[in-house]
Amino acid sequence: LLAYVVITAADASVKWVLPQVGVAVSMIARGVVGAIAVLLLTRGRGIRPVNVRLLTARGVLHCGVSATWYWAWSQGMPLVDSYAIASAAPLLMTILAIPMLAEKVGWRRWSSTLVGFAGVLFMLQPEGDLWRFETPFLMVAVVAMAVTRIWTRVLSATDGPAAIAFWLMVAHIPSGLLLLPAFPPPSAMPGTGVLVALVFFGVANAVAHILFARAFALAPVSALAPYEYSPLLLGGILGFLIWAEVPAWTTVAGAVVVITAGLYNLHRERVRRAAERREGGP
């Protein structure tokens, strides 16, 4: 939960600076500052990679997610609307955890997941207030984001939080450099406020991803997925305070359905595990 609070603040800071620095510079700043922050926070301990192949694949996929999100925000996508689209991630995580992690999902959780997707479709209906040019790209990015969350769980068996966070930050540096032709840097040096926001953005990402890696090492994906909804509330507050963003009623109504379905999935996970303990199962 702390990781989501921190990452939401980081998202608000980068959305604020994107008009001044662009997508590519934001990616590079996240990588450079974030990697240095991980080294300082961990004193360089535990950053040696073990599962290099999966760390690399996760880093590349995550960078694609980051770039898509930053591009959408630079085009004027409200913070709360982007988080409403991202609310599909916990449902996808619940489903993808079946083939990728061999987690079991009963008929009740399947039913609630389908209800949750109905809420997503209600929010994302074509010609609705949430449907913009950037929306389909964010939907693809949400699927990729769900996969990276599950890969974090897989990596926790071989690599520690420091390595998982450090190499993700490093991956953003070459990704940002590759994006420079499409998103050129500003012609003038950004002001002090922008530079401070970029430093905060990088440090906050480092802290958040260390916490994410530790959380996914401690608990199954299905138990952590509902916490993905917390940025929707936090982002709504920050979006209103900073940019006066007010979500459409369809977004709010659909989000309520999606969150309810996700919380029910969490409840069923707790019931299942309690029954296993009573029966002496794993």
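Which residues does F216 touch, not counting residues up to four places away in sequence? They are M93, R149, T152, R153, S156, V221 and L224, where contact means heavy atoms within 4.5 Å. This is a predicted model, in which local features need pLDDT of at least 70, side-chain atom pairs count only at pLDDT 80 or more, and totals for chains, interfaces and linings use all residues. Residues are numbered from 1 along each chain as its sequence is written, and side-chain values use heavy atoms, with hydrogens and water left out.

- F216 lies in helix 8, residues 192–218; helices are DSSP runs of H or I with at least four residues, numbered from the N terminus.
- F216 has a relative accessible area of 2%, so it is buried (buried means under 20%, exposed over 50%, partly exposed in between, with a 1.4 Å probe and protein chains only).
- T152, one of the residues that F216 touches, is 64 residues away along the chain, yet the two C-alpha atoms are separated by 6.5 Å.

**Salt bridges**

- The structure holds two salt bridges, each defined as a side-chain nitrogen of Lys or Arg within 4 Å of a carboxyl oxygen of Asp or Glu.
- One joins the side chains of K15 and E245, at 3.3 Å from N to O.
- This pair links distant parts of the chain, with K15 in helix 1 and E245 in the loop between helix 10 and helix 11, 230 residues apart.
- K15 is buried at a relative accessible area of 8%, and E245 is buried at 10%.
- The side chains of E134 and R132 also meet in a salt bridge, at 2.8 Å from N to O.
- E134 is buried, with a relative accessible area of 6%, whereas R132 counts as partly exposed at 25%.

**Nonpolar surface patch**

- W16, L233, I237, F240, L241, I242 and V246 form a nonpolar patch on the surface, and together have about 760 Å² of accessible area.
- Patches are made of residues with over 30% relative accessible area and no salt bridge, with like charges joined within 9 Å and nonpolar side chains (Val, Leu, Ile, Met, Phe, Trp, Tyr) within 5 Å; areas come from the Shrake-Rupley method with a 1.4 Å probe, and for residues only the protein chains shown count as cover.
- Helix 10, residues 230–243, gives the most to this patch, with five residues.
- L241 is found in helix 10 and counts as exposed because its relative accessibility is 63%.

**Cavities and pocket**

- On a 1 Å grid over the protein atoms alone, a cavity is a set of points where a 1.4 Å probe fits but cannot get out, a pocket is an open set with protein on both sides within 12 Å along at least five of seven lines, and lining residues have an atom within 4 Å of a point.
- Grid points are joined across faces, edges and corners, and a volume is the space filled by probe spheres set on the points.
- The count comes to two cavities of 30 Å³ or more, and the largest cavity holds about 340 Å³ of space.
- Of the 23 residues that line the largest cavity, I7, D11, W69, M145 and R149 are the closest to its centre.
- Helix 2 gives the most to the lining of the largest cavity, with six residues.
- The largest pocket has a volume of about 190 Å³, and its lining includes V80, L232, P247 and I259.
- Helix 11 gives the most to the lining of the largest pocket, with five residues.

How values were computed:
Helices (H or I, at least four residues) and strands (E, at least two) are DSSP runs, numbered from the N terminus.
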